[in-house]
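Welcome! Take a moment to look over the sequence and the structure below, and then we can walk through a few places of interest together.

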Amino acid sequence: MREKWKRNDIWLFLAIVLAALFLFLWQRAAFSVKGAVAVVSRDGETIGSYPLDGEERIVFTGSGGERNVLTIRDGEAYMEEADCPDRLCVKQGPVGKNGESIICLPHKLAVQIISEQTGEADILVK
Amino acid sequence: MKNKTAYMGLFLSFALILSYVESLIPFYFGVPGVKLGLANLAVLLVLYRYGWKEALALNLARVFLSGFLFGNLFMVIYSLAGAAGSFLVMCFLKKTRGFSIMGVSMAGGVCHNIGQVLVAYFVTKTAGIVFYLPVLLAAGLLTGLLIGLLAREVIKYIGKESVEEL
């Protein structure tokens with residue numbers, strides 16, 4: 001006998017879809033502002049910030065020799081190179097909106113786009 | 001019951017094969033942490049066939065073995081967080097008896113992804129990681145649903161220990 005669907009399954013499904021949709025719309029609103037500065041941090045500590053209106057190629061080398069290359073061009077920042085195993089940060093592509101981020105988890109490196117006016121991202125979850 | 005050890009071994013190797021298959025698939029949705037969660041199929045089967053203790057043992061063994069076989073210590077910690085969250089919720093939902101195996105699996109998939117986002121947040125201390133949450137929720141729901149449907153079909157045949165096994 002194959003197990004049948006139960007009413008609670010449907011509620012669970014709908015609740016998660018709604019939660020995802022709500023988060024998505026909320027983020028669309030929060031992330032629609034163009035960012036001004038890319039702030040790079042490793043292990044939670046800021047190691048540099050770079051204005052997005054420039055054109056720059058910055059190499060980050062960690063204590064273990066791990067390497068990330070961040071490129072800033074046309075108001076956007078993207079990870080050009082990384083020697084981490086998954087290279088998800090490279091595949092992610094460019095970010096430029098206020099609050100967006102690139103995260104290289106294996107290297108604990110994070111790039112966060114912030115707006116100049118506030119000096120920090122509009123969304124901060126603490 | 002004398003064959004239970006052998007069956008548990010079988011389930012463990014099944015889980016490891018699924019992990020291996022999963023590591024071969026270049027499955028990328030533009031968001032880190034989105035995975036099929038194939039190995040959860042083995043966990044679900046053991047959870048329904050034996051119980052939470054056996055499933056917990058399988059889960060731990062699977063995370064450590066596959067982590068060190070196909071990844072590194074970092075991946076072990078990362079997937080342990082996902083596995084822990086999803087396992088707790090799956091056990092709880094199964095206990096309530098209000099959910100089918102599909103519901104249990106969907107909740108598991110979603111919690112797995114939430115657990116991983118939490119780890120990512122604590123590792124990078126970057127709030128921007130919530131950017132991934134909607135996609136991860138939806139992805140966890142769909143992969144969980146898929147695994148749950150698969151488990152439902154498999155359980156028809158190996159859901160309970162049959163007479164010749166005892």
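This is a predicted model: local features need pLDDT of at least 70, side-chain atom pairs count only at pLDDT 80 or more; totals for chains, interfaces and linings use all residues.

Leaving aside residues up to four places away in sequence, Leu58(B) touches Met8(B), Phe11(B), Leu12(B), Ala42(B), Val43(B) and Val46(B).

## The nonpolar cores

Leu58(B) belongs to the largest nonpolar core, which has 52 residues. Together with Leu44(B), Leu58(B) touches the most other members of that core. Which elements give two or more residues to this core? From chain A there is helix H1 (7–30), and from chain B there are helix H1 (4–24), H2, helix H3 (52–70), H4, helix H5 (101–124) and helix H6 (133–158). Of these, H5(B) gives the most, with 11 residues.

There is also a second, separate core, made up of 20 residues. Among them are Ala82(A), Cys89(A), Val95(A) and Leu109(A).

## The second largest pocket

Now let us turn to some open space. Rolling a probe the size of a water molecule over the atoms shows where empty space is left. The second largest pocket holds about 380 Å³ of space. It is lined by 15 residues, and the closest to its centre are Leu47(B), Tyr48(B), Lys94(B), Lys95(B) and Arg97(B).

In chain B, helix H2 (40–49) and helix H4 (73–96) are the elements that give two or more residues to this lining. H4(B) gives the most, with 3 residues. What classes of residue make up the lining? There are 7 nonpolar, 2 polar and 6 charged residues.

Terms used: Residues are numbered from 1 along each chain as its sequence is written. Chains are lettered from A and ligands numbered from 1 in the order in which they are written. Side-chain values use heavy atoms; hydrogens and water are left out. On a 1 Å grid over the protein atoms alone, a cavity is a set of points where a 1.4 Å probe fits but cannot get out, and a pocket is an open set with protein on both sides within 12 Å along at least five of seven lines; lining residues have an atom within 4 Å of a point. Grid points are joined across faces, edges and corners, and a volume is the space filled by probe spheres set on the points. Helices (H or I, at least four residues) and strands (E, at least two) are DSSP runs, numbered from the N terminus. Ala, Val, Leu, Ile, Met, Phe, Trp, Tyr, Cys and Pro count as nonpolar, Asp, Glu, Lys and Arg as charged, and the others, Gly among them, as polar. A nonpolar core is a set of buried Ala, Val, Leu, Ile, Met, Phe, Trp, Tyr and Cys residues joined through side-chain atoms within 4.5 Å. Buried means under 20% relative accessible area, exposed over 50%, partly exposed in between (1.4 Å probe, protein chains only). Contact means heavy atoms within 4.5 Å.
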